[in-house]
Amino acid sequence: MSQAYDELTRAARQLIAIEQLLGGDFIPAKRQPLDVPDFAAAAAPAGAAEVPAMAPEEKSAALKAMDDGEVKVCTRCGLCQGRHNTVFGEGDPNARLMFIGEGPGQDEDATGRPFVGKAGELLAKMIAAMGLAREQVFIANIVKCRPPNNRAPLPDETAACWDYLMRQIRIIRPEVIVTLGNPSTHAMLNTRVGITRLRGSWQIMPQLADGVGGIDVMPTFHPAYVLRYYTPDFRGKVWSDLQAVMQRLGLPLPTKG
Ligand code: SF4
């Protein structure tokens, strides 16, 4: 009885989140087959199997050690000069799903947490619409310090910070990565193809570091971009991308009845 009640409550919360994110018109009356392009199954990248998976408690400790011992005191690139806080990323060290943005903004720099401003509120709605809590996913950025004036990270800054992100992915081992916006998508897929063309189609992360590669990637628009162009069309596209991720992870999609 209590389990059924909890399940009903969770489904109701999820429906409300979808309504808030997109409006009721986007909730399918019944589950529709999704137009998700098949992706070519990638061969396991060389080296991936050579890095053994950590136990859950080891993952948490390894992430904390990297944050406290390296990232918080990092001076590898010039972004260290303007920061108030490093923003390592946060979430479940065993997350099946990872969101990766480009870099911290003003609110993130002030708090040391990723995606806490207006764009963060929208990302939280996106996650809730998927039936997940923010604590169940892992949220990180390409660079851990705020680029001035919210510009995209420069290539040398991305390169300097790259090892941290690769190690985060190697520790967490997500099944799916959602890249948010162009800089993140370009870096994670090693491509210059624009987000407008790539979003909505499954990609495979190439082997970018030892033991890091071959992960399913769904590129979508950055929440800040969606806020700037807050149209039903853009919101619908993001929701379509998230549904594809839900399908890949086997997450239930609520319907109106
Ligand atoms: S952005 Fe990354 S590499 Fe540059 S100082 Fe910050 S933590 Fe270090």
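Biologist: How many nonpolar, polar and charged residues are in the lining of the largest pocket?
Modeller: The lining has 9 nonpolar, 10 polar and 6 charged residues. Nonpolar here is Ala, Val, Leu, Ile, Met, Phe, Trp, Tyr, Cys and Pro, charged is Asp, Glu, Lys and Arg, and the others, Gly among them, are polar. This is a predicted model, where local features need pLDDT of at least 70 and side-chain atom pairs count only at pLDDT 80 or more, while totals for chains, interfaces and linings use all residues. Residues are numbered from 1 along each chain as its sequence is written, and side-chain values use heavy atoms, with hydrogens and water left out.

Biologist: Which residues lie nearest the centre of the largest pocket?
Modeller: E102, A119, H222, A224 and R228, out of 25 lining residues. A pocket, on a 1 Å grid over the protein atoms alone, is an open set of points where a 1.4 Å probe fits, with protein on both sides within 12 Å along at least five of seven lines; lining residues have an atom within 4 Å of a point.

Biologist: And the second largest pocket, what residues line it?
Modeller: Among them are I142, L154, T158, N182, H186 and R192. By class, that lining has 8 nonpolar, 3 polar and 1 charged.

Biologist: New topic: which residues are around the ligand?
Modeller: Counting heavy atoms within 4 Å, they include C74, C77, C80, C145, C161 and R83. That shell has 8 nonpolar, no polar and 3 charged residues.
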